[in-house]
Amino acid sequence: MESVGVRRARPAASRGLPGPPALALLLLLLCGPVLGELRAPPEKIAVIGAGIGGTSASYYLRQKFGKEVRIHVFEKGKIGGRLATLNIKGQGYESGGSIIHPLNLHMKRFVKELDLPTVQCIDGLMGIHNGEHLVFEESGWFIINMIKLVWHYGFQFLRMHMWMEDILDKFMRIYRYQSHDYSFSSVEGLMHALGGDEFAGMLNRTILQSMQKAGFSEKFLSEIIAPVMRFNYGQNTGINGFVGAVSLAGIDSGLWAVEGGNKRVCEELLQFSKASLISGSVMYIEEKARTTPTGGLKKAYEVTYKTDSGINTDLYDIVMVATPLNSKMSNITFLNFDPPIPEFHQYQHYHLVTTLVHGRLNPSFFGLSATDRVELSDVFTTDSPNSFFYSLSMATPTRREADVQSKTATDSAVWKIFSSESLTKEQLNLLFASHDSVDEKEWLAYPEYKPPLKCPPIILHDRIYYLSGIEWAASAMEMSAIAAHNAALLAYHRWYGNTEMIDQEGLYEKLKTEL
Ligand SMILES: Cc1cc2nc3c(=O)[nH]c(=O)nc-3n(C[C@H](O)[C@H](O)[C@H](O)COP(=O)(O)OP(=O)(O)OC[C@H]3O[C@@H](n4cnc5c(N)ncnc54)[C@H](O)[C@@H]3O)c2cc1C
Ligand SMILES: *[C@@H]1O[C@H](CO)[C@@H](O)[C@H](O)[C@H]1NC(C)=O
Ligand SMILES: *[C@@H]1O[C@H](CO)[C@@H](O)[C@H](O)[C@H]1NC(C)=O
């Protein structure tokens, strides 16, 4: 009875619903002793990483824990992390995460709340190259496309859309759960709550297995599905079914980006959440116990970090790790934990190069004569030993003024190429008739998806949360934001003991009847 009263009191207060004073008084009388013991709010929270994961975590932490708590966000590089731009001839171009799906509701909410302008991505013509020639080429004529598609692949495209829609429908349930404040203590648990065993099982099956099982043809899988996986994740159809579906959603229409660069969301989220940015690299995390003035024992985490001015430490009640934990990407050591916090050696991100080239495409590479125009704006490649790049796309500047739509492909334009290694001079000369600038950015871009696999834990220790494990389900801006919202809710409910808000079974049915 007492604990029920306490639990109910909290979420209501947090949503800013002022309860009737009489009720509050009654609760106080009934539960006085319990309320007295009720945990004080946390004083300080550390967030490690100022990418979209860390900055959206600070947004949701502020929302849940209120305006008193101090939030420190550590960043060893630039705000935005894998959201970054390269400057070419005075225009910015996304070199990392670039497109956002129209149904990515957290990202939509952020730009709305932060009042950031957006740009629509252009839907150009797509071609698929097998290392020797184009195996498929979209036409500007809708009806010709339809005939081509049906001729080549039967009704597989239509079926693919239906297959995707079903997955997307289930995926969208997360927003309802989160808006009702529900949280999950594992990535698998979250996936299970969205669509049961079958849905969560996608994590342990390859997209090839999933789509073969659903009856798609080998030709369609190798000529269409594999190139899309290479374009979005630099990997083949061996990646898990869920990230495969996310990847297919990445070629939907209605895609958008943030004007001035997607990293602006991160910068603005930091400001909005009134978090303090600490430009430094976190080295160690250790649990420390200290006695409070009243003689109690208070446990906190000591974070040791390196800045330009030396090595510092600070104590935090809660820590959120919003960067992949592997020595190449973050190199954080958890000192003296018993039992030790696991190492994540088997969870590695692979190397990907983004190259931005200002130049004119070489028609002969696409099987055209030297005077022909290449009308394509996206070229994907099949998983063939002759394909030396994953994809080639006309890049849109992050600012709207520079209108690329009016340009034709043989005019000079900025092209974005994804490849596993830096492109050689010879390779650039194969692709381009002429070019006058080449800029590249290397990334440890995405997890190497090799299902079956257990996702890393979300709870690393009593009050240490790990957000980036969700990337092993799928890596995308929206996924980091979902993980951040989930971790903020989880940290809140665990702090105040609201166990009924964590890992609830049958949520979908429950919330359906609540409506
Ligand atoms: C080339 C490329 C294209 C992509 N395209 C898309 C796309 O079109 N759409 C999409 O949705 N997603 C895309 N993604 C994926 C997307 O960019 C990522 O999933 C997302 O940005 C990850 O955000 P994050 O905050 O979780 O991690 P990160 O952005 O990696 O942020 C982690 C941050 O932590 C910092 N850090 C690490 N260790 C420490 C430490 N010890 N101390 C302090 N700071 C530390 C890092 O410097 C970094 O800034 C793409 C990614 C790449 C690389
Ligand atoms: C996937 O398989 C691993 C073992 O390889 C298991 O630990 C994990 O729970 C499985 N995930 C799901 C969603 O079934
Ligand atoms: C990781 O950090 C430790 C100590 O902080 C350092 O000795 C080691 O060289 C670092 N490793 C990498 C790969 O940066």
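The structure is a predicted model, in which local features need pLDDT of at least 70 and side-chain atom pairs count only at pLDDT 80 or more, while totals for chains, interfaces and linings use all residues. Residues are numbered from 1 along each chain as its sequence is written, chains are lettered from A and ligands numbered from 1 in the order in which they are written, and side-chain values use heavy atoms, without hydrogens and water.

**Helices α3 and α14**

- Helix α3 covers residues 52-65 and helix α14 covers residues 477-496; helices here are DSSP runs (H or I, at least four residues), numbered from the N terminus.
- Their axes come within 8 Å and cross at roughly 35°, where axes are lines fitted to C-alpha atoms over the stretch in contact and angles run from 0 to 180 degrees between N-to-C directions.
- Contact means heavy atoms within 4.5 Å; among the residues making it are Ile52, Tyr60 and Phe65 of α3, together with Met477, His485 and Trp495 of α14.

**Ligand 2**

- Around ligand 2 you will find Glu188, Ala200, Asn204, Pro452, Leu453 and Lys454, each with a heavy atom within 4 Å of the ligand.
- Asn204 places a polar side-chain atom 2.4 Å from an oxygen atom of ligand 2; a polar contact is a pair of N or O atoms within 3.5 Å.
- On its own, ligand 2 exposes 360 Å², and the protein buries 56% of that (Shrake-Rupley method, 1.4 Å probe).

**Ligand 3**

- Met283, Tyr284 and Asn331 surround ligand 3.
- A polar side-chain atom of Asn331 sits 2.4 Å from an oxygen atom of ligand 3.

Key
Helix = DSSP H or I, 4+ residues; strand = E, 2+ residues; numbered from the N terminus. Polar contact = N/O pair within 3.5 Å; in protein donor to acceptor, adjacent residues only side chain to side chain.
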